[in-house]
Amino acid sequence: MRVKIISPEKTLYESEGTLLQLPGIDGSFELLVNHAPIISVLKKGVIRLVDKENKELKFEINSGIVECINNNIKILVQ
Amino acid sequence: MANLKEVRNRIASVGSTMQITSAMKMVSASKLRRAQNSIIALRPYSALLSEIISKIMGDDTDLSDSDYGKKKKLDKVLLVVLTSNKGLCGGFNANIIKATKKRVEEIYKQDKYIKVDILSFGRKSTEFFRKQKGIEFAGDGDSIWDNLDFEHINKIAEDLMNKFKTGNYSQIEIIYNQFKNSASQIVTDEIFLPIQTPTKQKDKKSSSEGNLIFEPSVDILKESIIPQALKNQLFKCFIDSFASEHGARMTAMHKATDNAQGLLKELKLSYNKARQAAITNEIIEICSGAEALNE
């Protein structure tokens with residue numbers, strides 16, 4: 001699945017990913033391949049991302065919005 | 001005929017002024033490039049944000065019942081004015097100040113009991129409006145320009161939103177220079193709050209994505225995305241103004257450097273003429289002296 005993480009100042013990440021753990025407003029949740037279309041709000045926390053080579057990446061955010069449609073994940077963060 | 005020494009002094013002073021203006025031009029050019037980069041960097045964010053907003057809002061674009069969309073009776077207006085801390089940038093600051101004064105008069109003409117406050121970002125407008133009588137000066141945030149990033153704007157935006165929500169102001173407007181290109185800026189008066197209902201685009205594909213899950217709920221999503229959109233709008237205004245400032249300064253300094261070059265050329269010509277005249281004079285004197293001895 002394609003993951004794109006964008007902040008107002010720059011694009012933080014744009015590549016393939018296999019697992020995405022997000023700090024949802026009602027608790028942490030994960031997105032895997034073929035997730036149903038969703039739009040959700042994120043709170044302050046850490047985004048954990050596992051990319052194709054099984055490497056783990058972390059992004060700290062203050063708030064954000066995630067959109068996942070047809071394995072296309074776009075995250076707006078601050 | 002101009003005095004030789006005088007001309008020489010003027011040449012030296014014009015030359016050093018030219019050096020300063022061309023240095024300032026180059027500094028502004030590099031700052032402009034940075035500002036333009038941040039405008040470009042913001043673009044994907046803005047695009048995606050408005051895309052998500054249109055998905056969340058769906059057909060219901062009426063925002064008048066939300067905290068930030070309520071249209072209230074116009075009784076207290078806040079004008080947020082963006083100028084620069086430093087001068088020497090052509091009409092950049094003067095245009096904003098003129099537009100602000102015009103807007104204040106317009107509001108008073110509408111209803112003279114409306115209270116108008118001014119919040120200034122930029123030393124130039126701060127100095128001006130502090131001295132003005134009859135205009136309430138709400139405060140300034142000149143230091144923002146030294147360190148322009150989203151975090152600082154975040155705080156300002158939250159502050160403004162709070163003031164609107166609690167009823168301190170019934171309308172907040174931003175007056176700033178919109179960045180068109182490095183040579184032209186457009187003075188813009190934008191209504192920040194209450195939120196302007198987004199112009200409804202005829203979306204072609206919205207129906208195909210009708211089965212989106214909204215987590216936790218559409219209302220909470222709306223509530224959290226509206227402040228994001230506002231912050232984004234404010235940030236855009238600030239970086240636009242920043243880029244405009246450096247664009248304006250670059251153009252102004254370019255013109256000044258050109259002028260100095262023209263002036264220098266003229267001065268050099270008159271210097272050479274004066275020098276030639278002095279030499280001719282000297283030769284005439286020597287010749288006539290020799291002539292007198294021969295006789």
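In which loop is the place of N70(A)?

Mentor: The model is a predicted one. The place of N70(A) is in the loop between β7 (64-69) and β8 (72-77) of chain A. The backbone there deserves attention: N70(A) is not a glycine, yet its phi is positive, at about 50 degrees.

L88(B) lies in the loop between β1 and α2 of chain B. Its count of C-beta neighbours inside 10 Å is 15, so L88(B) is classed as partly exposed. One further backbone feature belongs here: the peptide bond that leads from L193(B) to P194(B) is cis, its omega being near -5 degrees. P194(B) is situated in the loop between β5 (184-193) and β6 of chain B.

From these loops we may turn to the contact between the chains. On the side of chain B, 26 residues are in contact with 21 residues of chain A. The elements of chain B that give two or more residues to this side are α1 (4-57), β6 (213-215) and α5. Of these, α1(B) provides the largest share, 10 residues. By class, the side of chain B that touches chain A consists of 17 nonpolar, five polar and four charged residues.

Two of those elements, α1(B) and α5(B), also pack against each other. Their axes are 5 Å apart, and the angle between them is about 160 degrees. An angle over 145 degrees counts as roughly antiparallel, so α1(B) and α5(B) are described in that way. The crossing of this pair is left-handed. The contact of α1(B) with α5(B) includes 34 nonpolar residues, together with 16 polar and 10 charged ones.

In soluble globular proteins, nonpolar side chains tend to be buried together.

Helix α2 (residues 92-110) and helix α3 (residues 123-131) of chain B have axes that come within 10 Å and cross at roughly 40 degrees. That angle makes α2(B) oblique to α3(B). Their crossing is right-handed. The residues that meet are N93(B), I96(B) and I97(B) from α2(B), and K124(B), S125(B) and F128(B) from α3(B). By class, this contact is made up of three nonpolar, two polar and one charged residue.

Helix α3(B) also has buried positions, namely K124(B), S125(B), T126(B), F128(B) and F129(B). The elements against which the buried residues of α3(B) pack are β1 (76-82), α2, β2 (115-121) and β3 (136-140) of chain B.

Strand β3 of chain B leads us to A138(B), which is found in it. A138(B) has 17 C-beta neighbours inside 10 Å, and so counts as partly exposed. Beyond its neighbours within four places in sequence, A138(B) is in contact with L78(B), D117(B), I118(B) and L119(B). The C-alpha atoms of A138(B) and Y45(B) are 31 Å apart, and the two residues are separated by 93 places in sequence.

Finally, strand β5 of chain B contains I191(B). Here the count of C-beta neighbours inside 10 Å is 11, so I191(B) is exposed. With its neighbours within four places in sequence left aside, I191(B) is in contact with Q171(B), E173(B) and Q196(B). I191(B) and S244(B) stand 53 residues apart in sequence, with 20 Å between their C-alpha atoms.

Key:
Residues numbered from 1 in each chain as written. Chains lettered and ligands numbered in written order. Predicted model: local features only at pLDDT ≥ 70, side-chain atom pairs only at ≥ 80, totals over all residues. Axes fitted to C-alpha atoms, helices over the stretch in contact; angles between N-to-C directions. Helix = DSSP H or I, 4+ residues; strand = E, 2+ residues; numbered from the N terminus. Parallel < 35°, antiparallel > 145°, perpendicular 65-115°, else oblique. Left-handed = near helix turned anticlockwise from the far one by under 90°. Contact = placed C-beta atoms within 7 Å. Nonpolar A, V, L, I, M, F, W, Y, C, P; charged D, E, K, R; others polar. Buried ≥ 20, exposed ≤ 12 C-beta atoms within 10 Å, placed from the backbone.
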